[in-house]
Amino acid sequence: MPALFIAIAVSLFLILALFLRAVGDGRRVRAGVQFEAEDDSVLADSARPAALQRIFARDDAEFVAACRNPELLELFAQERKELALRWVSRRRQQMIAIMRDHMRAARSSADLELSSETSLLFTYGRLRLTCEALALCIALFGPHRLHAVAAQAKSVASGVRSLHDSMASRRGLGSA
Amino acid sequence: MALIITCLGLFLEVVLLSRAYLRGRLREFPFFFSYVAFVLVQSALRLVVRLAFPESYSAVFWATEFIGVFAGCAIVFEFYKVGLRKFAGVAKLARNALLLVFSLTVGKVIVTALPGLHEWTGAIIIQLERDLRFVQIAAVVTLLGLFMLYRIPTSRAIKGLALGYGAYLGISMLNLTYLDYFRSDVMIVARYVQSSAYLLALAVWGVALWSRGPEPVVSESGVPRYSVLQGETAEKLASSQLAVRSALDS
């Protein structure tokens, strides 16, 4: 129990430090976001659906692989990975901006609803988590193998689900 | 040593209160200054009892300490009331969250206080004080979280209130934990630590409230209905979700 109380006190100090940093750096953070948005304007083309399909598509990767030039293949993989990571980063910035605008407008709304706000935060958290997972997968496997990784993850998940269902049905039979 | 800390505390409290009175700031933070006035009276009473009736000091100390812990809730309330005055939405969230925090922890306090019905010992008082400090920490953390999440612009005074009381609560929690663990062996040191933590809080409040800093500018023109706003945000998030999914499906 003493460890819990010590942890609570230490957490309070950390939150206080974060609070001071957050309210102190408000202007700097806003400036930073603006700068990043301007810098990302070069990616405007890649935000279009067709461009997006090209970044993550396997066709180009298969074509370059068929050329049997290791240097070219490496350069291609590197470029695509960088582009895909920047796309994810841009998406992340957009999500942050959406929530920032929402919070700024909602804070003065007298009819604000706790349940809706929690639901929005949950959706936002899930999206951010997906973005982080996406960035990690891109960094590890490259954008063109993302589909294969997603399919693999889906098949593992469905395997786990069917195993769980069969165990549940067996347990049901046993108790009957 | 204890006398020096007490006198220094009294001096800082008098300076803080008289400065606020001269600057007309007592009405700006009525709960906070009431708390400081209470602690001033409490410290003066303890000093008199300590010098004139040393045998009654322990009883007076624990009785006033206990009331002081309850009085400390005034600062949390001031932080909520003044900090969120212009933000009705977040104030509503804070009210709900604070109610939840208080309800949950009052249960814990009652459980801790139950043995006191038979025999009211020093250990029970220490545990009870720690539990009450825990309620205040939970309330302060909740408020700080909401301030950060909704990017509430804060004045220097509000920042000072939060920082001073937050640091005092954190040090008190550590102090009461090791006091409960080592009991009477560290009683003297624990009292010094507690008094010094309060001196630190007074110094922070003194700096923050010495003069009026620039008030944060809030430009909330034409706040839309929450249902409309929530719908728009949900739609934007859904389109982001679609974009991410299309990356996985491409």
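The model is predicted, so local features need pLDDT of at least 70 and side-chain atom pairs pLDDT 80 or more, while totals for chains, interfaces and linings use all residues. Residues are numbered from 1 along each chain as its sequence is written, chains are lettered from A in the order in which they are written, and side-chain values use heavy atoms, without hydrogens and water.

Select residues 114-141 of chain A, which form helix α6 (helices are DSSP runs of H or I, at least four residues, numbered from the N terminus). From first C-alpha to last, α6(A) reaches 40 Å, close to the 40 Å expected at 1.5 Å a residue (1.5 Å times one less than the number of residues). Its buried residues include L120(A), L127(A) and L134(A) (buried: under 20% relative accessible area; exposed: over 50%; partly exposed: in between; 1.4 Å probe, protein chains only). Next comes G142(A), with a positive phi near 90°.

Move to F31(B) and F77(B). Their ring centres are 4.9 Å apart and their planes at 85°, so the pair is edge-to-face (rings of Phe, Tyr and Trp, its six-membered ring, pair with centres within 6.5 Å; planes under 30 degrees apart are stacked, over 60 edge-to-face, the rest tilted). F31(B) lies in helix α2 and F77(B) in helix α4 of chain B, so the pair ties together parts 46 residues apart in sequence.

Y80(B) is buried at 12% relative accessible area, whereas F77(B) is partly exposed at 36% relative accessibility.

Methods: Helices (H or I, at least four residues) and strands (E, at least two) are DSSP runs, numbered from the N terminus.
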